[in-house]
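Open your viewer and get ready to click along. We will hop from one selection to the next and see what is there.

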Amino acid sequence: MAKSLNVVINGQKSKAHSINAGVPQGSLLGPTLFLLFINDLPDHIIKSLVSVYADDTTLYGRTSKIQDEESLAADLSSDLENIQNWGKEWLVTFNASKTKLLSFHHHRNPPNLSPVEMSETTLSEASWFERLLGTENTSGLKGDEFLREGA
């Protein structure tokens, strides 16, 4: 289903123009238009917390009890399904193979997390050095080992 766009300036409305592609790449307005386009995406994330940074979206939650980990995984999976449904409505495709799971914990041995799924794909655990929202992380997350990208 093709979407259409009208522009309104000083009460004057333009003719409807059909939109058959996403945000123009390489334009000055592209990032702003993209953020306007996905502005309502966080409204569809019900059970998790969300952070949107440029074209990266991060869902997250926390738990302090081992028995809550299964519930946390189910909540994340549910919200990832909500994101997929939003994408179908707005003709946006999200790539489950590029989506990673990253856990932070204070246990000596990593906890055995329940699977988190997106589009019937179980998300793989990201390695400790992968980037998240413009940060670079290390395994210890101590003092100067937590580096801001570009610093």
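## First stop: a serine in a loop

Select Ser-48, which counts as buried because its relative accessibility is 11%; buried means under 20% relative accessible area, exposed over 50%, and partly exposed in between, with a 1.4 Å probe and protein chains only. Ser-48 sits in the loop between H1 and strand S5 (49-53). Now show its neighbours: leaving out residues up to four places away in sequence, Ser-48 touches Leu-59, Tyr-60, Asp-75, Leu-76 and Asp-79. A contact here means heavy atoms within 4.5 Å.

A word on what you are viewing: this is a predicted model, in which local features need pLDDT of at least 70 and side-chain atom pairs count only at pLDDT 80 or more, while totals for chains, interfaces and linings use all residues. Residues are numbered from 1 along each chain as its sequence is written, and side-chain values use heavy atoms, leaving out hydrogens and water.

## Zoom out

Switch to a cartoon view of the whole chain. How many helices and strands does the chain have? There are two helices and 13 strands. Helices (H or I, at least four residues) and strands (E, at least two) are DSSP runs, numbered from the N terminus. The chain has 151 residues, and 18% of them count as buried.

## Along helix H2

Next, select residues 69-90, which make up helix H2. Its 22 residues should span 32 Å at 1.5 Å a residue, and the end C-alpha atoms are 32 Å apart, so the two agree. The expected span is 1.5 Å times one less than the number of residues.

Which residues of H2 are buried? Colour Glu-69, Ala-73, Leu-76, Ser-77, Asp-79, Leu-80, Ile-83, Gln-84, Trp-86 and Gly-87. While you look, remember that an α-helix has 3.6 residues a turn, so residues three or four places apart point the same way. Helix H1 (30-37), strand S6 (56-60) and strand S8 (117-118) are among the elements that cover the buried residues of H2. Step past the end of the helix and you meet Leu-91, whose phi is positive, near 60°.

## The aromatic rings

The structure holds three aromatic pairs. Rings of Phe, Tyr and Trp (its six-membered ring) pair if their centres lie within 6.5 Å; planes under 30 degrees apart count as stacked, over 60 as edge-to-face and the rest as tilted.

Show Phe-37 and Trp-90: this pair is edge-to-face, 6.2 Å centre to centre with 80° between the planes. Phe-37 lies in helix H1 and Trp-90 in helix H2, so the pair ties together parts that are 53 residues apart in sequence. Phe-37 counts as partly exposed at 32% relative accessibility, and Trp-90 counts as partly exposed at 29%.

Is Trp-86 buried or exposed? Trp-86 counts as buried, at 2% relative accessibility, whereas Phe-94 is partly exposed at 26%. Keep these four on screen: Phe-37, Trp-86, Trp-90 and Phe-94 form one aromatic cluster.

## Last stops: two loop residues

Most residues other than glycine have a negative phi. Select Asn-10, which is not a glycine but has a positive phi of about 50°. Asn-10 is in the loop between strand S2 (8-9) and strand S3 (12-13), and counts as exposed at 77% relative accessibility.

Finish at Glu-120, where phi is also positive, near 60°. Glu-120 is in the loop between S8 and strand S9 (121-122), and is exposed, with a relative accessible area of 80%.
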